[in-house]
Amino acid sequence: MTEKKKAEQPKAEPAKQPSLKEEIAAEMTADLDAEIKDEKVDVKALQKERDELEDKYLRAAAEINNMNKRFNKEREAAAKYDGQKLAKAVLPVLDNLERALTAEVKEDSAVSLKQGVEMVYNHLEAALKENGVTEIDTKGHFDPTLHQAVQTVPADDDHPKDTVVQVLQRGYMLKDRVLRPAMVVVAN
């Protein structure tokens, strides 16, 4: 061959060296092949065992995945309804302040005391609203998921059947969860 033809031929790439992973895999395959030839190995039993182990692995992985999802849901719910216990404990205080504000006062000192109670009530109500605690609407139709019927009265022209006639105790919600249902009188 001439020098020109040798130069035009593509150069042969150097032989690729197998990676360590490929060497180990080839060695393991050779060992298994030798073991199968040397001994009477029940291939079907080994395949069945492998399939069972694979099934167990997949089930365990699915269970871990489900546990993670459940944990995340519980963590989100705990964060969403954080402070529920405190809010429930504070509601009777709000009720008592509200009752104190309904009292009639005539003396100057009592009037200033009532103003102080009203300020505390307003601050407490604002703090609850800032933290997602809202009053349940009691106007209109009776809703058993939000209202607790303590008493019923006959329906009339002003109050059709299944409407709230009177609120005995306000109800409150924390975001979308009922903290305390509103105690109401319902027309029946």
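Let me start with a definition: buried means under 20% relative accessible area, exposed means over 50%, and partly exposed lies in between, with a 1.4 Å probe and protein chains only.

What you see is a predicted model, where local features need pLDDT of at least 70, side-chain atom pairs count only at pLDDT 80 or more, and totals for chains, interfaces and linings use all residues. Residues are numbered from 1 along each chain as its sequence is written, and side-chain values use heavy atoms, with hydrogens and water left out.

Salt bridges, then. A salt bridge here is a side-chain nitrogen of Lys or Arg within 4 Å of a carboxyl oxygen of Asp or Glu. The structure holds 7 of these salt bridges.

Pair Arg-180 with Asp-95. Their side chains meet in a salt bridge at 2.7 Å, N to O. This pair links distant parts of the chain: Arg-180 sits in strand 5 (residues 177-180), Asp-95 in helix 4 (residues 84-102), and 85 residues separate them. Helices (H or I, at least four residues) and strands (E, at least two) are DSSP runs, numbered from the N terminus. Are Arg-180 and Asp-95 buried or exposed? Both are buried.

Now Arg-59 and Asp-55. Their closest N and O atoms are 2.9 Å apart in a salt bridge. Both residues lie in helix 3 (residues 43-80), 4 residues apart, about one turn of the helix. Arg-59 counts as exposed because its relative accessible area is 58%. Asp-55 has 35%, so Asp-55 is partly exposed.

Next, Arg-170 and Glu-125. Their side chains form a salt bridge at 3.8 Å, N to O. Again the pair links distant parts of the chain: Arg-170 is in the loop between strand 3 and strand 4 (172-174), Glu-125 is in helix 5 (residues 108-130), and they are 45 residues apart. Arg-170 is partly exposed, because its relative accessible area is 24%. There is also a network: salt bridges link Glu-98, Glu-125, Glu-135 and Arg-170.

On to the helices. Helix 4 and helix 5 pack at an angle of about 145°, their axes 9 Å apart. Axes are lines fitted to C-alpha atoms, for helices over the stretch in contact, and angles run from 0 to 180 degrees between N-to-C directions. Which residues meet? From helix 4 they include Val-90, Leu-94, Glu-98 and Leu-101; from helix 5, they include Lys-114, Val-117, Tyr-121 and Glu-125. Contact means heavy atoms within 4.5 Å. The residues of this contact divide into 12 nonpolar, no polar and 4 charged. Ala, Val, Leu, Ile, Met, Phe, Trp, Tyr, Cys and Pro count as nonpolar, Asp, Glu, Lys and Arg as charged, and the others, Gly among them, as polar.

Two strands pair if DSSP finds at least two bridges between them. Strand 3 pairs with strand 6 (residues 182-187) in the antiparallel sense, over 4 bridges. Gln-169 has Met-183 of strand 6 as its bridge partner.

Thr-138 lies in the loop between strand 1 (133-135) and strand 2. Why does Thr-138 count as buried? Because its relative accessibility is 16%. Leaving out residues up to four places away in sequence, Thr-138 touches His-147, Val-164, Val-167, Ala-182 and Val-184.
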